[in-house]
Amino acid sequence: MSIRSKIAFLAGSTALKLTKKFKKTGGTSYPGKLAYKIDPNILKDLSKNMETIIVTGTNGKTLTTALSVRVLQETGRTIITNPSGSNMVQGIISTLLEHHKEIKHGSNPLAVLEVDEANVAKIAQLLKPKYFILTNIFRDQLDRYGEIYTTYDKITDGIKLVPNATVLANGDSPIFSRINFPNSIKYFGFNHSNSKSKIKAPNNTDGILSPSDDSVLYYNFITYANLGKFFSITDDFKRPELKYFVTKVSKLKPTFSDFLIDKEKFHIPIGGLYNIYNALAAYSIGKEYGIESSKIGSVLNKDSRIFGRQEVININGKQVTIVLIKNPVGTNSVIDMMSTDDKPFDLITLLNANYADGIDTSWIFDAEFEKLHKTKLKQIIIGGQRYKDLDVRLKFAGFKNTIIEKDFEQLIDLISNSKTKHFYIAATYTAMLDIRKVLNQKGFVKESF
Amino acid sequence: MLKKYKLNFAHLYGDLMNTYGDWGNILALKYYASKIGVDINSELISLGDEFNSNKYDFVLFGGGQDYEETIVAKDLPNKAKALIKYIENNGPLLAVCGGFQLLGHYMVMADGTKVNGISAMDHYTENLHFKGLIKNKEKRLIGNITIKNPVTGEEYHGFENHQGRTFLGKNEIPLGQVLEGFGNNGEDISEGVIYKNVFGSYFHGPILTRNGNLAKRILTTALNKKYPKEDWESKLKSIPTESF
């Protein structure tokens, strides 16, 4: 350690102790920020003797990281990970400062880090990861990064810096086959159908051009969004050979999914096809580290708490499922999940337009709220800063008699006094934080997230 | 028996120029049309498809990402003649962002690549590095925007996010003057364009979902052209306008 990095380390550690002492909740990036200011290369020193796996992509990286951590714990090695939200350079420095002793004295430490797409290059350069796990790239917060290809370039710039690293990528996503890396690349995806159909993705789908001849891609099947077994009309660009794959989807329900990976049965205690991809990514990294399929299966089945983002709470006997929505693909997946629900439900949907939500709300018109007509939905309740946009969106989707409730306290009373037993709250990020705060005050959830 | 009215829409490159909720514009028109007993049939016209200038009563040409826009620009010359004929015959058309740019002479992307439009209209688009810029140089123009049409007095609200700087030309008037935000180029307070029955804009939003007044105006134009005997304006007047 240089003198500079020693000072950075001391300053960061002290700041960490102080913030822990005076603030109850963790996850602050301040200690990392301070240490980074003193020595931008501190990450290199902090990660000495540590192996790293970087998880990135626009959707699903938090859950994929959490699941990979649980799976890789089966190796018996010391596993370090960062809390969701602390996925930029400073947050990761904070994480490594916090786990400094484990990294130094632990057994062959391995860090599984969720990394923000725009921070991949910076972090990869310093940590030289052994694996990159790429979940997907969907349109997300365009006002922040620009376009899906810009996001893709940011990620690949980072990957190219570490040519010895292995890339584990979602093979069903056409974007991950666009360029040849110097790296070894292995794909995971779906092989659950023998369909020979030749279909195109719906009009509203992003990322459907073949880089070989700029024609619109065809698919044998689509799992969701632009994911599936794709091929170009001239067949010179197509879904790559998969190393790890789902062979059958047996049952999809809002609260669980059953499927087979290479003939092994898997059960995960969460709904949504997209979560099978997250589980598959975790399975793939587990296999790379030599863990048996049956062991991975029991880990994924065991603990429903790691699937935290989709949380079910009880309000006066009403079952309320809270889900995050932030872009068209995510919202469509959530609606697909609701359509697997056998019980009647009310939907509360909350739209904010703060920086963390994305300040451009136009994406709600690309999400297919029309599909809600095919579910057991009884009543829609709308709130959040941009309730008007949502109200018009749902009106245009043909829903009448929606209720607007801007006050979250009243909203919770409304749930509490409702005849419906079953609710979904679909909210953008800051709207979710806001409603959780009120839920916390009323004692319905423990922490404010 | 109730008389059935029907409009045919063409969604130009709807599978590629679809980045900013442009589909919402069709949903908005469908919504108001359904309230006055008019059916809408919307058709995708994409790469390699022919555009028939006599077939459609309204055309939507949305915005896309740079990559998709360059692909569209290569295909567009095949449809240029028919599109120009449609526009010159007073066909109603809404063009947003990239669609707006490609109807003009050219557009320069952020990396300096110049993409030719079809010169159906006289505007042209420079990029954020353009030497002629005085205000807001080197900056993406992002944020909420409000404009006012000086002729009708209507106000339109939306969200803009573009690096391109569009300058209007001969026979073109702006859709509105900027009250808040940047507009076409951040220089001359113009936003969007009106040329014959073509409406162009940088608004995401999408523009017609938040501006029912403009949606009704476009719908009235299309209906008057196809069914001139009916009083569409007063029919639409009785429907509440979503405007916020």
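In this predicted model, 9 residue pairs are found in polar contact across the interface of chain A and chain B, both residues of each pair being at pLDDT 80 or more. Helix H8 (142–145), helix H9 (148–160) and helix H13 of chain A each supply at least two residues of the side of chain A that touches chain B, and the largest share of that side, 6 residues, comes from H13(A). The residues on this side of chain A comprise 14 charged, 11 nonpolar and 6 polar. Between the two chains 2 salt bridges are counted, and a salt bridge joins the side chains of A:Lys395 and B:Glu242, with an N to O distance of 2.5 Å.

The contact draws 31 residues from chain A and 33 residues from chain B, and the two chains bury about 2800 Å² between them, 56% of it on carbon and sulfur atoms. Of the area that chain A buries against chain B, 23% is supplied by A:Glu147, A:Asn203 and A:Phe396, more than by any other three residues.

Within chain A, 6 strands form an open sheet of mixed pairing, in the order E12-E13-E17-E14-E15-E16. Strands E12 (311–315) and E16 (403–404) stand at the edges with a single partner strand each, so one side of each is left without a neighbour in the sheet. Strand E14 (residues 345–350) and strand E17 (residues 422–427) pair in the parallel sense over 5 bridges, with A:Asp346 standing opposite A:Phe423 in E17(A). Helix H13 (residues 387–396) packs on this sheet, where H13 touches E14, strand E15 (377–383) and E16, and its direction makes about 150° with that of E15(A).

Terms used. Residues are numbered from 1 along each chain as its sequence is written. Chains are lettered from A and ligands numbered from 1 in the order in which they are written. This is a predicted model: local features need pLDDT of at least 70, side-chain atom pairs count only at pLDDT 80 or more; totals for chains, interfaces and linings use all residues. Side-chain values use heavy atoms; hydrogens and water are left out. Two strands pair if DSSP finds at least two bridges between them. Helices (H or I, at least four residues) and strands (E, at least two) are DSSP runs, numbered from the N terminus. Contact means heavy atoms within 4.5 Å. Axes are lines fitted to C-alpha atoms, for helices over the stretch in contact, and angles run from 0 to 180 degrees between N-to-C directions. Buried area is the accessible area (1.4 Å probe) that two parts lose on being put together, summed over both. A salt bridge is a side-chain nitrogen of Lys or Arg within 4 Å of a carboxyl oxygen of Asp or Glu. A polar contact is a pair of N or O atoms within 3.5 Å; within protein, one must be able to donate a hydrogen and the other to accept it, and residues adjacent in sequence count only if both atoms are side-chain atoms. Ala, Val, Leu, Ile, Met, Phe, Trp, Tyr, Cys and Pro count as nonpolar, Asp, Glu, Lys and Arg as charged, and the others, Gly among them, as polar.
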